[in-house]
Amino acid sequence: MKRIKQRASPLGGFSSGASLGGKVSRYRRKQSIYTQGAPAYTLFYIQDGGVLLTTRMKHQPAVTAILGVGDFCGEICLAGYSLRMSTAVALTASSIRTIQKKKMIQILRTKNKASNALVAYLLSSAQKYKDHVAELMTSSAEQRLARVLLRLARLDKKRPATVEIPALSHQVLAEMVGSTRQRVNLFMNRFRKRGFISYNNGRIEVYKSLKKVLRRR
């Protein structure tokens, strides 16, 4: 099956990332990109692969986001934060562009299209966090898990019927949906038996039919 790695960038002209400048680096699976509390003077654009964000709460880190191709991380430095608010780790082998904060500010000041697109991206990200909080209060754990998988696969009307995503541990998925690893394991097996997902060479194939879970009351 053809692997889907790229999607249309939310920043239009930045679809390749080349116009952002900076340096593209390759990260191994589970390799650290930056850590919470470190100085924040750069931001990152994901060109291939994925990134897991965690934030330390008391003595244990909590998963706060899973990002994919076309997403930014560390962009909060543009708002004047001098320290990282989370830890970023590569979910799988990834190509990530590092952009200096000063360079990005210069681009935003001189290119209206880029500025408008980034604002739209940030507003969209904020809305996703709000939606996620609402889902925790109104949806079952099984439905929340289905939404996380569909969101990671970015399945919509313009996407193929099946998309591959990196295989995530059931513990990570449990933290994302506010459930336990045992229940996530139960739901994942149920999805697989019903033909909503399958496993292929260390990756998860997500099918559009998984949306049926969201329609159940």
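Helix 4, residues 170-177, is mostly covered, with six of its eight residues buried. Buried here means under 20% relative accessible area, while exposed means over 50% and partly exposed lies in between (1.4 Å probe, protein chains only). The buried residues of helix 4 are His170, Val172, Leu173, Ala174, Met176 and Val177. Just after helix 4, Gly178 has a positive phi of about 70°. Helices (H or I, at least four residues) and strands (E, at least two) are DSSP runs, numbered from the N terminus.

The model is predicted: local features need pLDDT of at least 70, side-chain atom pairs count only at pLDDT 80 or more, and totals for chains, interfaces and linings use all residues. Residues are numbered from 1 along each chain as its sequence is written, and side-chain values use heavy atoms, with hydrogens and water left out.

Strand 9, residues 162-166, contains Ile165. Is Ile165 buried or exposed? Ile165 counts as buried because its relative accessibility is 3%. Beyond its neighbours within four places in sequence, Ile165 is in contact (heavy atoms within 4.5 Å) with Leu149, Leu152, Ala153, Arg203, Ile204 and Val206. Leu150 is 15 residues from Ile165 in sequence, and their C-alpha atoms are 9.8 Å apart.

Ile76 sits in the loop between strand 6 (72-73) and strand 7 (87-90). With a relative accessible area of 33%, Ile76 is partly exposed.
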